[in-house]
Amino acid sequence: MRAFLVVAHKFRGEVNLNDLPGSGRIDVVARCINASIFLSHTIRRDVLFFVYFPRIGMRIKIDASKVKYLNPDERSTAALIRNALLNYSEDKEIRTSPGFYIRSANLEDVLEELVSVGALYYLREDGKDIRSVELERNSSFILSDSVNMSNDEENMLLEKGAALISVGPKSLLSSHVIAIVHNELDRRGL
Ligand SMILES: C[S@@+](CC[C@H](N)C(=O)[O-])C[C@H]1O[C@@H](n2cnc3c(N)ncnc32)[C@H](O)[C@@H]1O
């Protein structure tokens, strides 16, 4: 199982399908979902994708083994996120479409979910080169969005035992980092 978490710092709670970048960069989240789940003509069933929205204290989980109605384009992916937000309940986790789950959470709650998947890795430009790191088959990878993690967030990741790793010397888009991580795991047969 491979899990990915993107911390979407800029999202304020509303998705305007006609302005995804203006909707707190939900376009970045949609591209990360695309990079995490899609292969050419099929999807990776062994993936869990998490997005955590710190400003509204919610997380969405996508279980690719159950997902339906997910297409590679950003707009329809954003529509599924919008649908999840519209059906959110404060009291319990809600399944809002096949494979989509929303609940209230803080970062620590989400990290606990990731720990239950497997080894934790925090992707950062100055981390240890992924090519020199022995990755586990069951792993969780944590990334930020278009801004960096706060110091408090970073401290929490490190306290939970996340290993700092880098996919290369340049600062890349989060979705591109996810594609590279998949490629590393694929090449190792993990
Ligand atoms: C667009 S970058 C973040 C913003 C960027 N640090 C800046 O100063 O504008 C998005 C995220 O992708 C991950 N990332 C980008 N490049 C990376 C690299 N070379 N190795 C590992 N992670 C990387 C990090 O988690 C980063 O927070």
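F4 has F49 of strand 4 as its bridge partner. The contact belongs to a parallel pairing of strand 1 (residues 2–7) with strand 4, over six bridges. Strands here are DSSP runs of E with at least two residues, helices are runs of H or I with at least four, and both are numbered from the N terminus. Two strands pair if DSSP finds at least two bridges between them. The model is predicted: local features need pLDDT of at least 70, side-chain atom pairs count only at pLDDT 80 or more, and totals for chains, interfaces and linings use all residues. Residues are numbered from 1 along each chain as its sequence is written.

Strand 4 also pairs with strand 5 (residues 58–63), antiparallel, through six bridges. In this second pairing, F53 is bridged to M58 of strand 5. Four residues lie between the strands of this hairpin, and G57 takes a positive phi near 60°.

Strand 4 (residues 47–53) is mostly covered, with seven of its seven residues buried. A buried residue has 20 or more other C-beta atoms within 10 Å of its own, C-beta atoms being placed from the backbone. In a regular strand, side chains alternate between the two faces of the sheet. V47, F49, V51 and F53 point one way from strand 4, and L48, F50 and Y52 the other way.

Strand 8 (119–129), strand 9 (139–144) and helix 5 (174–187) each supply at least two residues of the shell around the ligand. Strand 8 gives the most, with four residues. Of the 17 residues around the ligand (C-beta atom, placed from the backbone, within 6 Å), L123, L143, S144, S166 and L172 come nearest.

Technical notes
A residue is buried if 20 or more other C-beta atoms lie within 10 Å of its own, exposed if 12 or fewer, and partly exposed in between; C-beta atoms are placed from the backbone.
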